[in-house]
Structure formats: structure tokens, C-alpha cells
Amino acid sequence: SLLFEGAPYSLKQIFNMEAVNNLRSFQLAVSASFRGSFQQRDFLSPNGIGLLRGNDAQLKDTYVIISAHYDHLGIGPATKADSIYNGVFDNAAGVAAVLEIARVMAALPEKPKRSVLFLFLTGEEKGLLGSSYYVDHPVVPLYQTLANLNVDGLAMFDTFNNVVGVGAELSTLGELLEEVAAALGLRVSAIPSPFPETASFARSDQITFAKAGIPALLVMEGPDYRHTSREAGLQRLIKWGQEIYHTPFDDLRQPLNLAA
């Protein structure tokens, strides 16, 4: 906020303008300089892809992508003598979920009518690199790809009565989510107010598929927990984001609610 002293707008006003897509440029009364030393190395890191062929003669050439990013931050600055950024819920849990979905679907006596691509993406944490590469080099034509369901994290704290469809309002996937949730005895809720809707949709690989014209959706648990009040549940999520998210402590030592 020191940068905005003497400026026409305060930092709070900037955030308010951004929230309504009304940002404007203006001169600052202060200036700053920065000097840094950087090292950069190049790596090769593949996407992993599995395909389950559909069983309908007409629909098998249309595809649904179920995706999860398998990368995290690797080795980084040590915190409390720990420098391994494990990424259990961001996003080993999501990868495990997609693997389990693939196992269950492959074992169905009657396969889905459409084909399903199980896509394990690299480089999400470095700027959605794996999904960007995929839409530039798709294994099946993008126009035959009807939807993306992205899995980035799973419910970890408590069982719940509602779900949030991040991006649900952007396509008819929102209507399908309403149908599926109702069949499971769940409600669909909006993104809780502490978290901005636009930023939430842009934070993971679903935004890449949406930009390529593919309807995309990220499903998360809602704040209507069964054993925790809404306010306490939101505060717990915020605290996790501040103290665990993208730290070495997103590991298996943290509580894991398998029922959730």
C-alpha cells in the first residue's frame, strides 16, 4: 500500500475496480527499482494420457476430458527445516481421484457412450504449461472435445451437503451439475463470498480448456459442512490457504478425513 501513497486511488479502490472489471491506469507519486540475480534451467516433463473408448457408434468419436495436474513445487526454500513441497492435496489427491474414476469407468459392464480422456497434466504450477501444450497439440480434435472436468484438490476437512461448480455459470455444464448433485442429495451453491469468482476459475487448468472453446468445470465441496458451522468452515479453509497451501506442510501429516 506504500506504493499508492499520494496516488489518485488507494489499493482498496484498485481491488474494487478490478472486481467490476473497471481498472484504469494512472501515475504513481513514488518510484521503485529492483535488481535480482536469476538462474534458469530447462526441463522436459510429459503429460500423461489414458483413453477409454466409448461404446456408441455415433458418440464414441466425441470426447470428455477428466484432468488433474500431477506437478507441484518440488524442492524450495526450507520452512522449519523442511524444503520438500509435497503437494498432497494440491494435487496428489486430485490425481488419485482421476485414477480411481478411470479404474471404475474401465470396469463398468457397459462403457460410457462417449469416449473419455484421462489427462494428467504437468507444469500447472508454472503457468498451466501442460494444459496449454495439450490444447496446442491435442491427441483428438478440439472440436470433438465436448467438456473438461478438472480435479484440483478434494474435500479434506468434513462431509458436506453442497458443492460449488467453479465455472458452472459459463456453460450448460452447470445444468448437468445441478442434475447430478440433486441425484446425490446435494445442493449446488455459488462460490463463497471471501473468494472471487473470476479468480477462482482462472487458477487451474480448466481456464485453458475454456479459452480453447471447451466447456470446463471444477467441482469443489461447498461450505455447508455437516459437523462444522459455515463461518468456522470458511475460516478453517482460509487458514489452510495461508499456512499450508504451497508450503512443505501440505503432506500426509495433516488431518485427512476419508469420509469427506
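Is Arg253 exposed or buried? Arg253 is exposed, with a relative accessible area of 63%; here exposed means over 50%, buried means under 20%, and partly exposed is in between, using a 1.4 Å probe on protein chains only.

Before the close-ups, a word on what you're looking at: this is a predicted model, in which local features need pLDDT of at least 70 and side-chain atom pairs count only at pLDDT 80 or more, while totals for chains, interfaces and linings use all residues. Residues are numbered from 1 along each chain as its sequence is written, and side-chain values use heavy atoms, with hydrogens and water left out.

**Figure 1. The whole chain, with its seven helices and nine strands.** Helices (H or I, at least four residues) and strands (E, at least two) are DSSP runs, numbered from the N terminus. Along the principal axes, the C-alpha atoms fill a box of roughly 65 × 45 × 45 Å. Of the 260 residues, 38% count as buried. Now take the contacts (heavy atoms within 4.5 Å) with a separation of 6 or more: residues 24 or more positions apart account for 77% of them.

**Figure 2. The hairpin of strand 3 and strand 4.** Strand 3 covers residues 74-79 and strand 4 covers residues 82-85. The two run antiparallel and pair over three bridges; for strands to count as paired, DSSP has to find at least two bridges between them. Look for Thr79, which stands opposite Asp82 in strand 4. Two residues sit between the strands, and Lys80 takes a positive phi near 50° in this hairpin. How many of the six residues of strand 3 are buried? The count is zero, so strand 3 is hardly covered. A handy thing to know when you look at any regular strand: the side chains alternate between the two faces of the sheet.

**Figure 3. Asp82 and Arg253 joined in a salt bridge.** A salt bridge is a side-chain nitrogen of Lys or Arg within 4 Å of a carboxyl oxygen of Asp or Glu, and here the N to O distance is 3.2 Å. This pair links distant parts of the chain: Arg253 is in the segment after helix 7 (230-243), Asp82 is in strand 4, and they are 171 residues apart.

Figure 4. Glu100 pairs with Arg103, their closest N and O atoms being 2.8 Å apart. Why are these two about one helical turn apart? Because they are three residues apart in helix 2 (residues 88-106). Glu100 is partly exposed, at 37% relative accessible area. The side chains of Asp224 and Arg187 meet in another salt bridge, at 2.3 Å from N to O. Asp224 lies in the loop between strand 9 (216-221) and helix 7, and Arg187 in strand 8 (residues 187-189), so this pair ties together parts that are 37 residues apart in sequence. Both are partly exposed: Asp224 has a relative accessible area of 25% and Arg187 has 46%.

**Figure 5. Ser204 in the loop between helix 5 (197-201) and helix 6 (206-211).** Ser204 counts as buried because its relative accessibility is 3%. Which residues does Ser204 touch, leaving aside neighbours within four places in sequence? They are His69, Glu124, Leu128, Asn150 and Asp152. With Asn150, the side chains make a polar contact at 3.1 Å. (A polar contact is a pair of N or O atoms within 3.5 Å; within protein, one must be able to donate a hydrogen and the other to accept it, and residues adjacent in sequence count only if both atoms are side-chain atoms.)

**Figure 6. The second largest pocket and its lining of 19 residues.** On a 1 Å grid over the protein atoms alone, a pocket is an open set of points where a 1.4 Å probe fits, with protein on both sides within 12 Å along at least five of seven lines; lining residues have an atom within 4 Å of a point. About 680 Å³ of space lies in this pocket, the volume being the space filled by probe spheres set on the points, which are joined across faces, edges and corners. Nearest its centre are Phe43, Ser45, Gly123, Lys126 and Leu129. Helix 3 (129-136) and strand 3 each supply at least two lining residues, and helix 3 gives the largest share, three residues. Phe43 is in the loop between helix 1 (11-19) and strand 1 (48-52), and at 63% relative accessibility Phe43 counts as exposed.
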